[in-house]
Amino acid sequence: MPANSVIGLQWGDEGKGKIVDLLARNADYVVRYHGGNNAGHTVVLGNKRFFFRLTPSGIFHKKTKAIIANGVVLDPEVLITEMDILKKEGLNLKNKLFISPRCHLILPYHKELDIAYENARGKNKLGTTRRGIGPAYSDKVSYNGIRVYDLLDWNSFTVLFRFQAKIKNKILKTFGVKPINIDSALTLLKKQRTRLLPFIKDSFEILNDAVSKKKNILFEGAHGIMLDLDWSPYPFATASNTVIGGINTGSGLPVKSIDSVIGIVKAFTSRVGEGPLPTELHGRLADAIRERGAEYGTTTGRPRRIGWLDLESVRFSCKINNVAEIVITKLDILSGLLELKICTGYMLNGKFVHYADCGYKELAKVKPVYRTFPGWIEDISEIRKFSSLPKECRNYLNFIKKFLGVKIKFVSVGAERNANVKM
Ligand code: IMP
């Protein structure tokens, strides 16, 4: 299968990093095609743990090349920090890392604007990662963006940057926020430009050429489908399209070239940031799952909100992405619970409604319809065969498979690469 994609079917943090890292072993290219350093994934290599926000996960595999394609918004400071880590580990990034000139840049004023808007929203804040993602994408859409392409010509870059920064500083002043220092920002950007220039190459040709040569390509989705700019309970969204349509716009590969979509589903629900979460749990049960699962944001360190598995929304994610195969992650975290619940639908004012029928106000009011399952007490983290799992655990998995009408590729029961249950 030359072109595979891995996407999270919930609110992000489904554990995609481990799965991408596993699948990337056979990949010639791993591609990020949307989002920016609001994403975060941990790669475990021997006894070392690496945490990346922008660099595609498979970069440590010898033959794998990493592409940051055009749909990504790129903060030069963050990428250069990651490049330095990789260099320290002895990786030669020449001909291994490619950055599309079409990527829009996250510039210092975007980060300040993100923070200023969030602070101004007060108790109605969205809970963004404050990394400048929304402001950078909104500049892209309003033709005010500055791209990696613009870095190629420093003189015209400075003209564009000064123009935009002056306007942004006026906006920052209206928020009562200190404006950015344009000259010192430009001094830093000039240095960053020198670091990035050798890696600039468009993904369109690389990827289409790779497809014609039957190379293996892995598309690494960031965030989760419930955060998609169009299909989330907007405005509780991220600023990019997390659905697989984003691969076409964000990398230049035709949709028809994508052979399979692997959906990642955590065995329960979590989210960071504000916004409706129909199956949210509070109190000791949520705290216990959060602690056991180390459910704290990798990018921001924020405690994640916890809920029961919500198959109403996951079913929507499967449909919109044509998912035929899923990986279930973190099932081991649920060991020891007396009973488990799975949401199979939503009720609103006495009627069944679907995820797609709801705006953020409706989604905040829906009552989940639950199916209750007996739990299991055994530690399952050492189990590798489906038939060796406790009966209750198999029931839980079989129900998910049947309800969604998809195949379960495998089940992850631990952070290590081989901690997986074959189905
Ligand atoms: P932004 O993407 O920083 O603008 O944040 C918008 C919303 O998306 C917030 O609720 C964030 O917490 C959420 N978000 C963005 N990226 C991720 C992710 O990778 N995992 C989980 N939540 C995310």
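# Helix packing and ligand site

Helix α6 crosses helix α7 in a right-handed manner; a crossing is right-handed if the near helix is turned clockwise from the far one by less than a right angle, and left-handed if anticlockwise. The model is predicted, so local features need pLDDT of at least 70 and side-chain atom pairs count only at pLDDT 80 or more, while totals for chains, interfaces and linings use all residues. Residues are numbered from 1 along each chain as its sequence is written, and side-chain values use heavy atoms, with hydrogens and water left out. Helices (H or I, at least four residues) and strands (E, at least two) are DSSP runs, numbered from the N terminus.

**Helix pairs**

- Two packed helices are described by the angle between their axes and by the distance between the axes. Axes here are lines fitted to C-alpha atoms, for helices over the stretch in contact, and angles run from 0 to 180 degrees between N-to-C directions.
- Helices α6 (residues 154–174) and α7 (residues 182–196) have axes 11 Å apart and pack at an angle of about 140 degrees. The two are therefore oblique to each other; angles under 35 degrees count as roughly parallel, over 145 as roughly antiparallel, 65 to 115 as roughly perpendicular and the rest as oblique.
- Helix α7 also meets α2 (residues 76–88), with axes that come within 10 Å and cross at roughly 50 degrees. That angle makes α2 oblique to α7. In this pair the crossing is left-handed.
- Helices α3 (residues 108–121) and α4 (residues 133–141) pack with axes 7 Å apart, at an angle of about 120 degrees. This makes α3 oblique to α4, and their crossing is right-handed.

**Ligand site**

- The ligand is surrounded by 17 residues, of which the closest are Asn-38, Thr-129, His-223, Ala-237 and Thr-238; a residue is near a molecule or strand if one of its heavy atoms lies within 4 Å of it.
- This shell has seven nonpolar, seven polar and three charged residues. Ala, Val, Leu, Ile, Met, Phe, Trp, Tyr, Cys and Pro count as nonpolar, Asp, Glu, Lys and Arg as charged, and the others, Gly among them, as polar.
- Oxygen atoms of the ligand lie 2.5 Å from a polar side-chain atom of Thr-129, 2.6 Å from one of Thr-238 and 3.1 Å from one of Arg-271.
- The protein buries 95% of the 470 Å² that the ligand exposes when taken alone; accessible areas come from the Shrake-Rupley method with a 1.4 Å probe, and for residues only the protein chains shown count as cover.

**Individual residues**

- Glu-291 sits in helix α10 (residues 284–292). Its side chain and that of Tyr-296 are joined by a polar contact of 2.4 Å; the term covers a pair of N or O atoms within 3.5 Å, where within protein one must be able to donate a hydrogen and the other to accept it, and residues adjacent in sequence count only if both atoms are side-chain atoms.
- Tyr-234 and Pro-235 are joined by a cis peptide bond, with omega about 10 degrees. Pro-235 belongs to the loop between β9 (217–220) and α9 (245–251).
- Asp-13, in the loop between β1 (3–8) and α1 (16–23), has a phi near 60 degrees, a positive value in a residue other than glycine.
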